[in-house]
Amino acid sequence: MFDVLFIGSGQGAWNGAIPMSQAGLKVAVIEEGLFGGVCTNRGCNAKIMLDKPVELVRTIEQLQGRGFDSVPKINWPDLMAHKHEVIGKLAESNKQKLVDGGVQVIVGHATLLDAKTVKVGDINYHAQKIVLALGQHPHRLDIPGKEYLHDSTDFLSLPQMPKQLTIIGAGYVGMEFASIANAVGASVNVVVDSHQPLRHFYQPYVKRLVADLRRRGVKFFYDQQVDAVEKTEAGLVLHGSNQFELASDYIVDASGRLPNLTGSGLETLGIATNAHGIEVDNHLQTNVAGVYATGDVVDKPQPKITPTAIFESQYLAQLFTNQTSDTIHYPAIATTVFSSPRISQVGINPNEAEKQPDKYSVEHFEYGDDWFKQVQNELDGGLTLVFDQEHILVGAVEYSNEAVDSINGLLDIIELRLTHEQVQRFIYTFPSIQHSYFRKI
């Protein structure tokens, strides 16, 4: 009998499983695929590796005639080989971390039999508590010719970059892949079913990102309902609304992600779910006592990203080891689109703040005239800050190459609700983003 049994080994599992085990609980993790989940093996880690040369090339482009007189080309096969070299080791490394932490690892497909029993192969495992860290999978359009579509996993292992690439969708995945493929040299089309890419991000900066990608040659096709994909001698032809046709060598279906709700026996226990995932209470417990859920499979308003899953898993570790009995209280969560340039945000979105002028004030700062941005000739960036009625910073969004660092620094100020006087006590390194911009707060 285990104290805690996790189904799934992603960030919503092992970050809590190891401290639970180290605290004296008997813990097991069941995994039928690669240990570490999507982010580690076929998601964000791989994306960041493929994006790194893009980031460097964009900086060199900005400095043409200002120290550089040529722009290096990205060698995609070499880059992909490097990605495999680094990412290929991580699954076994994550598995070994569990073992070294005293967690029993079980390989195979898990099926719930009841609230305390999970079947893997021919063996039944029993536990006082079960945690569902089932994750998500790419949504696939159900249209004629869907067999010719590829998902994010396929793109992140492409041996050669196609000459003509079409991406269906303009969320995180679609916009990040468009940036990467364009920088590598592909002719990129982005097909959107609405007229609003990255709808959860501050739209003035989204529009600037789209304009930048268009300037680089990326084509956007809005308000298109994709009806079918046809394979012809000339390649793949995507058919859409109003006789829309678009020829490509390769098509990525980036139309979203769905929670993994089938195949694990959730219906056997009557675990409540909806289209957005598993329903949980404010202790992350499902409607079935003793069964919990973490990570992207959970129905929640918070961003479904790796740091959120880590936070939830660590919360359960504290809950199960009696370090807390409090409900989960999410902190400010920073989210980023790893496009070129980046868009990163945290806290109250200016989109919402501007609709409530009685509650919030919004301030904008452009980077074009700032000497620190002129160092690398990055002139199109901007920072938008949201303050409450007490002039406490409650939200921020930045559009720039360094947006991640800026927003990560502002996150602490937002979470701790620091006053202007307290922020002025910080003496940052000069020169730095923090020194240049945070003193505006």
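F155 and F177 are both buried, where buried means under 20% relative accessible area, with a 1.4 Å probe and protein chains only. Before I go on, the basis: this is a predicted model, in which local features need pLDDT of at least 70 and side-chain atom pairs count only at pLDDT 80 or more, while totals for chains, interfaces and linings use all residues. Residues are numbered from 1 along each chain as its sequence is written, and side-chain values use heavy atoms, with hydrogens and water left out.

Now the aromatic pairs. There are 13 of them in the structure; rings of Phe, Tyr and Trp (its six-membered ring) pair if their centres lie within 6.5 Å, and planes under 30 degrees apart count as stacked, over 60 as edge-to-face and the rest as tilted. Take F2 and Y125: the ring centres are 6.4 Å apart and the planes stand at 40°, so this pair is tilted. F2 belongs to strand β1 (residues 2–7) and Y125 to strand β6 (residues 123–132), so the pair ties together parts that are 123 residues apart in sequence. Strands here are DSSP runs of E, at least two residues, and helices are runs of H or I, at least four, numbered from the N terminus. F2 is buried at 6% relative accessibility, and Y125 is buried at 17%.

Back to F155 and F177. Their pair is stacked, 4.1 Å centre to centre with 20° between the planes. It links helix α6 (residues 152–155), which holds F155, to helix α7 (residues 172–184), which holds F177, 22 residues apart. Ring pairs join W76 to F155 and F177 in a cluster.

Last, charges over rings, meaning NZ of Lys or CZ of Arg within 6 Å of the ring centre and within 35 degrees of the ring normal. The charged end of K26 sits over F2, 5.2 Å from the ring centre. K129 lies over the face of F320, at 5.2 Å from the ring centre.

How values were computed
Buried < 20%, exposed > 50% of the residue type's maximum accessible area, 1.4 Å probe, protein only.
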